[in-house]
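Biologist: I've got a model open and I'd like to learn how to read its packing. Could you walk me through it?

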Amino acid sequence: MKKLLISFLMFLLPSLSMAAGGGYPLDSVDLDLTDKAALQRGAKLFVGSCMGCHSAKYQRWNRMGKDLGISDQQLLDNFIFDGSKVGDHMTSSIDPVDAATWFGASPPDLTLVSRVRGNDWLYTYMRSFYKDESRPWGVNNAVFPDVGMPHILQGLQGLADPVWRTEKVGDKEIKVLDRLQMTQPGSMSVAEYDATVKDLVTFLSYIGEPVQLERQRLGVWVILFLMVLLAFSYLLKKEFWRDVH
C-alpha cells in the first residue's frame, strides 16, 4: 500500500508543479468544432500564413476536405499550391536545413500542437507578440520568451510595446512583463484579430484529433451501455446470491 501511494504521488507531482507554475497568464478560449465556417477560415489562414514554414504531416488534404466540407477541386484551387495531390499529407515545402539557419531551429510540425500545448496556450501565444529589437526578427513573445518565430500575423494585429514592472525577489529587483500596449495597430481591430486567431486555434484543435467529435458522441453511448450493463449485473448478482445465507 505504501509503495502504491508513493507511486501515485510521483505521478501526481509533475501535474501539480505545472499547475502551480508561473509565467504569463493564459486567456481562455471556447471553441466550437461543429462550426465548419470557422474551421474553413482557420484552414485557409493556416495554409496561407503557417504552412510556408510549418507542416501538418499527420493530416491528409482530402481528409481535411471531407471533414470541413471542402471538395477536392476546391482544395486544388484554393489550398494546394505546391503540386501535391489531394491524397498527400499536408507538408511544408521549406527546406529543413534552410529553416534551421534562418530561425535557429527547424519549425515544428503543428499537427499535434494543440494537444501538446493546449488551446488556451495557442490562443494567447498568437496574441502576445511584442516589439523587441534585441531579437533577430525584432519581436518577442510573452508566452514563449525568445521564440525564434517572427510575428507572421503582424500585418493583421499590429505590434505592441511591452510594459514592465519591477518586483523584489529577496535582495534583488527583477523586471517582469506586466502587459502589452498596442502602439502600431494592424489592419484588424482587436476583436477582429481575436476572432481570427480563434478560427486558427479551432482548426489546429481539429487536426490534433479529427475524430474528437465522433469520440465524444460514442462516449455517451458507451456510458449508457455501461450503466445498463451495471443494472443487469446487479440483478444477476442478486439472483445468484438469493438463496445464500
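Modeller: Let's start with S128: leaving out residues up to four places away in sequence, S128 touches Y24, N140, N141, A142, V143 and L180, where contact means heavy atoms within 4.5 Å. Bear in mind that this is a predicted model, with local features needing pLDDT of at least 70 and side-chain atom pairs counting only at pLDDT 80 or more, while totals for chains, interfaces and linings use all residues. Residues are numbered from 1 along each chain as its sequence is written, and side-chain values use heavy atoms, with hydrogens and water left out.

Biologist: Is S128 buried or exposed?

Modeller: Buried means under 20% relative accessible area, exposed over 50%, and partly exposed in between (1.4 Å probe, protein chains only). S128 is at 3%, so S128 counts as buried. You'll find S128 in the loop between helix 7 (119-125) and strand 3 (129-131); helices (H or I, at least four residues) and strands (E, at least two) are DSSP runs, numbered from the N terminus.

Biologist: How do I read a pair of packed helices?

Modeller: Two packed helices are described by the angle between their axes and the distance between the axes. Axes are lines fitted to C-alpha atoms, for helices over the stretch in contact, and angles run from 0 to 180 degrees between N-to-C directions. Take helix 2 (residues 36-50) and helix 3 (residues 61-68): their axes come within 10 Å and cross at roughly 150°. That makes helix 2 roughly antiparallel to helix 3 (under 35 degrees is roughly parallel, over 145 roughly antiparallel, 65 to 115 roughly perpendicular and the rest oblique). K36, L39, Q40, A43 and V47 of helix 2 meet W61, M64, D67 and L68 of helix 3.

Biologist: At what angle do helix 2 and helix 9 pack?

Modeller: At about 90°, with their axes 7 Å apart. Helix 2 and helix 9 are therefore roughly perpendicular to each other. Among the residues making this contact are A38, G42 and F46 of helix 2 and L200, F203 and L204 of helix 9.

Biologist: Which residues of helix 2 are buried?

Modeller: A38, L39, G42, A43, L45, F46, V47 and C50. They pack against strand 1 (56-60), helix 3, strand 2 (89-90) and helix 9 (190-208).

Biologist: What joins the side chains of D27 and R127?

Modeller: A polar contact of 2.9 Å, meaning a pair of N or O atoms within 3.5 Å; within protein, one must be able to donate a hydrogen and the other to accept it, and residues adjacent in sequence count only if both atoms are side-chain atoms. D27 is partly exposed, at 33% relative accessible area.
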